[in-house]
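Hello,

Here is the structure we talked about, with some notes on it below. Please have it open while you read.

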Amino acid sequence: SLAEGVSRIDGFLEGEDTRATAAVFQQLGVRIEAPSPQSRIVHGVGLRGLRASADALDCGNAGTGMRLLAGVLAGQAFDSTLVGDASLSKRPMRRVIDPLSRMGAIIDSETGGLPPLRIHGGSALHGIDYELPVASAQVKSAILLASLYADGETIVREPHPTRDYTERMLSAMGARIETAAD
């Protein structure tokens, strides 16, 4: 969705979480076609091409979707609200809110860091050197996605390696990603 041009995804996981995340991107102005089951054609709008939604962005039960979207939306020029179903609304988001706030994002939540997340647009983000207190590919990915909109370098340190899907995807799309083993 953030790439320039058209991307074809084969092997798309047809689950409620992935469909909810795709629906959020459609609300943000991304055209997504489903020519067949497990296939999507995404008409990317580029880093600055997302558009504000008049409605809250419903992540359903997609905790990963909410966390990664918080990183993307922290760098936008417009305000957004991420909501979820009753189960997701009980899951704390403080582990994502804290590092994004350190980057300059302004995110309001319910007491205890619970959704909905109200992300105020227009914040100037800056790179950070952040050590994850607990290994989490979701938190790492939210920080990396926000770093696409940040001035300066962002470093994420993990207590032990987590899944690297986001790093591989960003690298394949031209972002400069470096990894170092201890």
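The axes of H4 and H5 come within 9 Å of each other and cross at roughly 25 degrees; axes here are lines fitted to C-alpha atoms, for helices over the stretch in contact, with angles running from 0 to 180 degrees between N-to-C directions. The two helices, H4 and H5, are therefore roughly parallel (angles under 35 degrees count as such). On the H4 side the contact is made by Lys140, Ser141, Leu144 and Leu145, and on the H5 side by Thr166, Glu167 and Leu170, where contact means heavy atoms within 4.5 Å. Those residues divide into three nonpolar, two polar and two charged (Ala, Val, Leu, Ile, Met, Phe, Trp, Tyr, Cys and Pro are nonpolar, Asp, Glu, Lys and Arg charged, and the others, Gly among them, polar).

Some background on the model: it is predicted, so local features need pLDDT of at least 70 and side-chain atom pairs count only at pLDDT 80 or more, while totals for chains, interfaces and linings use all residues. Residues are numbered from 1 along each chain as its sequence is written, and side-chain values use heavy atoms, with hydrogens and water left out. Helices (H or I, at least four residues) and strands (E, at least two) are DSSP runs numbered from the N terminus.

Now to the pockets. A pocket is an open set of points on a 1 Å grid over the protein atoms alone, where a 1.4 Å probe fits, with protein on both sides within 12 Å along at least five of seven lines; lining residues have an atom within 4 Å of a point. The largest pocket holds about 1400 Å³ of space, and of its 40 lining residues Ile9, Thr21, Phe25, Leu68 and Met169 are the closest to the centre. That lining has 22 nonpolar, 13 polar and five charged residues. H2 gives the most to it, with six residues.

The second largest pocket has a volume of about 980 Å³. Its lining has 27 residues, with Thr154, Ile155, Val156, Glu178 and Thr179 nearest the centre. H4, strand E11 (155–157) and H5 each give two or more residues to this lining, which has 12 nonpolar, six polar and nine charged residues.

Is H2 mostly covered or mostly uncovered? Helix H2 (residues 63–73) is mostly covered, with nine of its 11 residues buried (under 20% relative accessible area, 1.4 Å probe, protein chains only). Among the elements covering these buried residues are helix H1 (16–27), helix H3 (94–102) and helix H4 (137–147).

Best wishes

How values were computed
Buried < 20%, exposed > 50% of the residue type's maximum accessible area, 1.4 Å probe, protein only. Points joined across faces, edges and corners; volume = space filled by probe spheres on them. Parallel < 35°, antiparallel > 145°, perpendicular 65-115°, else oblique.
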